[in-house]
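Here is a short note to read alongside the structure. Please keep the chain in view as you go through the points.

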Amino acid sequence: MVLDPGHNGANATHPAEINKQVPAGRGETKPCNTTGTSTNAGYPEHEFTFDVAQRVGAELTAKGIKVIYTRPDDTGIGPCVDKRAETGNKANADAVISIHADGSNAPNAHGFHVSYSSPPLNEEQGPPSTNLAKTLRDTLTNAGFETSTYLGKQGLAPRADLAGLNLSTRPTALIECGNMRNPTEAKKMTTPEGRQKYAKAITQAIETYLSPQ
Ligand code: ZN
């Protein structure tokens, strides 16, 4: 299992490295990485994604599932989006999940959504990735999380412009856990208890996806 917590703690102070163009798939290029968003109170997305990924990873490891992270700490720069995809590909991961949170300026906008590469560029971006995305969507819904009120359809948002998804040769999905600018969701994301709830649901989805049908 490869876990990819979005962004990184030192991205904001290293614009030259972060803005460097890298391959993004479909013949496009994109900046190496971005700084991510934050709550109105300043709790940053990179810190949220790193903590949730660590919690998911700890639970999976305890269950005997091998976990590889795309970044080892929350104080580094990058890695670039193409390198993140490479981590999953090189590991021949059974599944790859990128963890993010959104920053919509409409404060009432809320809920999570899951993205996958569409149209698919290889076999693994087809049914394996859409199944992974749907398993995440269903498990989070069952855990009481609301699907996005402002993006995608019923919690699913197929995308052609996300480098990490385009460049992956493994089953891959990206979850935007919610809107950090929405007061209710910001509150949930800012507390360890709230992050544990996200982590528990994501862990459960991964277990369901990896268990033989
Ligand atoms: Zn993000």
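1. Start with a term. Donors are N, O and S atoms within 2.8 Å of the metal (3.2 Å for Na, K and Ca); water is not among the atoms, so sites may look incomplete. Along the chain, the donors of the zinc ion follow the spacing H-x37-E-x54-H. H7 sits in the loop between β1 (2-5) and α1 (15-19), and H100 in strand β5 (residues 96-102). These two are 93 residues apart, so the pair links distant parts of the chain. Helices (H or I, at least four residues) and strands (E, at least two) are DSSP runs, numbered from the N terminus.

2. A word on the source. This is a predicted model; local features need pLDDT of at least 70, side-chain atom pairs count only at pLDDT 80 or more, and totals for chains, interfaces and linings use all residues. Residues are numbered from 1 along each chain as its sequence is written, and side-chain values use heavy atoms, with hydrogens and water left out.

3. Now the zinc ion itself. Its protein donors are H7 (NE2), E45 (OE) and H100 (ND1), at 2.0 to 2.1 Å.

4. Look at N8 next. N8 lies in the loop between β1 and α1. N8 counts as buried because its relative accessibility is 3%.

5. Finally, F48. Leaving aside neighbours within four places in sequence, F48 is in contact (heavy atoms within 4.5 Å) with residues including Y43, H100 and C177.

Key: Buried < 20%, exposed > 50% of the residue type's maximum accessible area, 1.4 Å probe, protein only.
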